[in-house]
Amino acid sequence: MDLGSILQYLVSGLTVGSTYGLTALGFTIIFNATRVINFAQGEFVMLGGMLAVFFAGALNLGVFPAVLLAVSCTTLVGVCMERLTIRPVQGANVVNIIIITIGVSIFIRGVVMLFLGKDTFSLPPFFGTEALEFFGAMIIPQSIWILLITMLVLVGLRTYFNKTIFGKAMLACSFEQKAAHLVGISVDRMIMLSFAISALVGSIGGVILTPITLTSYDVGIMLGLKGFAACILGGLGNPFGAAAGGLIIGVLESFGAGFISSAYKDAFAFIILLVILFVKPSGIFGRADIERV
Amino acid sequence: MRKGLLVLVVMLAILMPVKASAGDTIKIGAVVSVTGPASFLGEPERNTLVMLQDQINDSGGILGKKLEIIIYDDETEVNKAVLAADRLIRRDRVQAGIGGTTSGNTLAIISNFTRAEIPLVSMAAAERIVDPVNPWIFKTPQSDRHAVTRILDHAKDQGYKRIAIITVSDGFGQAGREVLRELVPEMGLTMVSDEIYGPRDTDMTSQLTRIRNQNPDAIICWGTNPGPAVIARNRQQLRLDIPLYMSHGVASRRFIELAGNASEGLLLPLGRLSVAEQIPDDHPQKQLLLDYIADYESRFNTPVSSFGGYAWDAMMLIKEAIEMGESAEPQDIRDNLEKIQGFVGTGGIFNMSPEDHNGLDETSFVMARIVDQDWEIVSE
C-alpha cells in the first residue's frame, strides 16, 4: 500500500469526520446544559446546507452571503425550538423532552421537504475546485476549509467556555442548575443560548460540507446518528471528546473501506464503538464519574 | 337492536354504490410511492396516471366505458403498499393493478394480486418481478440486464478488458451488481475490482483509490442520486482518467446538475424518452415521445422524467389488452397482456410472451455521453 493511498484515506476520513464532530459538538452543548439528547441536531446540519442552497439559488445571493444567512437562520430556528417546544414543558422528564426533540426533527424535515423539495442539491465550493496534489494524495481545497473551520469552531468554543462570563455561566448550569440559579444565573437564558450555539455549530458543519457531499432534506438522519455515535465514543458531555470522536469515526470508516472492504464501511465504526463501550463505558475521553444522583 | 339495524343500513349504503357502478366504469388501481424516499419516481408516475385518465375519458374512454384510476400513496413503505393493494382488491374491486413504484413494494404486493387473480403491471425495474414468470405479474421498465448488456457491448467495442465496478448497497445497486458479476465474465471481460458504497455516503475517494490501484480500463457505477454524483466528483478530484460508465438510475437532468462539470464525458444507457429530440424522425417512438413530453410539461409545468413513462406504458398496455379482448375481466386482461406484440410505448417496443412479461430488450436503450451538460447519443 503506497503512501498516496494512505494519505488519501486519511484526508477523506478527516473531512467526513469533521461533520460528525461538529454534529457531536452540538449534541454535547445541549446535553451539558439540559441533560437532554437533542435528536433534532442532525436537522440543524441539514438546515444549514439546505438553506444555503436555497439562498444561493432562489435569492441569487453569492455563496458567502448565502452561507452567513443560512447559519443565522438556523441559529434562529434553534432559539425558536427552545422557546416554543422545550421551555413550555420545563421540568418535564428528560425522556419526554427527548421525544419532543424527535418530534421537532420530524417537523423540520417535513417543512423543508414541502418548501424546498425532495431533490438532492449542490452548492459551489467556497474557493477553487482544482484538487491539490500532496505526496500522491489529491486534496480539494474545500477539505482544507472544512478542517480549518472545524478547528476554528473548536478553539472558539474553548475560549467561550473558559474565558467568557456567559460560557462559564453555561458550564455552571451544566454542573448544577439549582446552584447556578441561586447565584443569579438565568438558567432559562443559558438553555436557550445552548440551543442557539448548537444550532450554530451544526449549521456551520452543514454549510461547509455541502459543496463536497451534496445535501437533501433527509441527510440529517444519518449525520445525527453518526454524530451521536461520535459523542458516545468521545464521552458524552465532553465537547472535545465529541469532536475527536467524530474525526476518529470518519478516519476509521475511510481506512476500513480502503484496506478491508467497502461493503462493511459503516460496520467498522460501530464495531469499534461497541468495543470501546465494553472496555471503557464512559467513552475514550469521558470521565467515569458523570453519574449524577 | 335498532342501533344494529342502523349500522347494517349504513354499511349497505357504503357498499351498494361500489357494486352498482362496476358495470359502466373500468376500474384500475394503482399503488404509487407519491411521497417518501421514492417520491422522485412516484410523483411523475402519479401525474402521468392522472393525465392519462383525463385524456382517455375525453376521447371516449375504453370500449365506451369510463376509466377510473384509483391511486393510493404507499409513502414508499412496504406495509402501506400491502394495505393499499388489499384495499384496491377487496373494497374498490379493481379489474387490473398498476404498481408499485419500487421493486421492494412490488414484490410485497405480488402475492395479493396473484391470490385475487387480478393482473398487476409493475413500474419497478427489478428482474425478480418477472423472473421466474408469474402469470399475473408484468412490468414496464427495462431490466438491469438490458442496461448492463448495452454498457458492456460499448466497453467491448472500445477494446476495454479490465472492468471495475462500484455499486450502492441498496436494492437497486445490489440487483445491478448481481447482473454485472454474471455478465462481465460471460462477455469475455475481467472484473478486477468490486467496490460497494452506502446510499447516504458522502465520500467515495477510498473506494476509487482502491479501484485506481487495480488499474482497470473502465469503471461501471451502479446507483441512484446522489451517490453517483459524488463518485463523479471524487473521480475528478482524484484526476482519474479511467472512463466511467453510469447506470440508467441517473438518467435525469438532476444528476448532471449535481455532478456539475465532473459529469463531462461520462457514459450511460438512456431510455429514448430522455433524448427524444435526438432520435431519428423515422423511429416509431419519436412522435409518441414528443407528444407525451409536450402534454406532461404543459399540464404540470415540470420537466418530464423517464419514470412517468413507466406509468404511461403500464396504463396503455392495460388499455391495449382490454381493447384487444374487448373485455375488462381480470382473466381476459391477463391473457391479452401476454399476447401484446409490437406495442410502441415510452420505454421501447413491447413484445410480450408467456415467457417474457417485460417485453423489452437491450435495444430499448441508447448509449449516451454527457457533453456540455447535455446527453449526446453515441450509439443508437
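Reply: Chain B and chain A bury about 2700 Å² between them, and 46% of that is on carbon and sulfur atoms. Keep in mind that this is a predicted model. On the chain B side, Arg200(B), Gln237(B) and Arg239(B) lose the most area to chain A, and together they make up 22% of what that side buries. In terms of contacts, 28 residues of chain B touch 38 residues of chain A.

Now for the polar side of things. The count comes to 9 residue pairs in polar contact between chain B and chain A, with both partners at pLDDT 80 or more. As for salt bridges, the rule finds 1 across this interface. Arg254(B) pairs up with Asp119(A) in a salt bridge, with the closest N and O atoms 3.6 Å apart.

Which elements of chain B does the contact side draw on? At least two residues each come from α2 (39-58), β7 (190-197), α7 (205-214), α8 (227-237) and α9 (253-259) of chain B. The largest share belongs to α7(B), with 7 residues. Sorted by type, the residues of chain B's side split into 8 nonpolar, 9 polar and 11 charged.

One more thing, over on chain A: Phe39(A), Val95(A), Ile99(A), Ile102(A) and Ile106(A) make up a nonpolar surface patch, with about 440 Å² of accessible area together. Of these, Val95(A) sits in helix α4 (residues 94-116) of chain A.

Terms used
Residues are numbered from 1 along each chain as its sequence is written. Chains are lettered from A and ligands numbered from 1 in the order in which they are written. This is a predicted model: local features need pLDDT of at least 70, side-chain atom pairs count only at pLDDT 80 or more; totals for chains, interfaces and linings use all residues. Side-chain values use heavy atoms; hydrogens and water are left out. Patches are made of residues with over 30% relative accessible area and no salt bridge: like charges are joined within 9 Å, nonpolar side chains (Val, Leu, Ile, Met, Phe, Trp, Tyr) within 5 Å. Accessible areas come from the Shrake-Rupley method with a 1.4 Å probe; for residues, only the protein chains shown count as cover. A salt bridge is a side-chain nitrogen of Lys or Arg within 4 Å of a carboxyl oxygen of Asp or Glu. Helices (H or I, at least four residues) and strands (E, at least two) are DSSP runs, numbered from the N terminus. Contact means heavy atoms within 4.5 Å. Buried area is the accessible area (1.4 Å probe) that two parts lose on being put together, summed over both. A polar contact is a pair of N or O atoms within 3.5 Å; within protein, one must be able to donate a hydrogen and the other to accept it, and residues adjacent in sequence count only if both atoms are side-chain atoms. Ala, Val, Leu, Ile, Met, Phe, Trp, Tyr, Cys and Pro count as nonpolar, Asp, Glu, Lys and Arg as charged, and the others, Gly among them, as polar.
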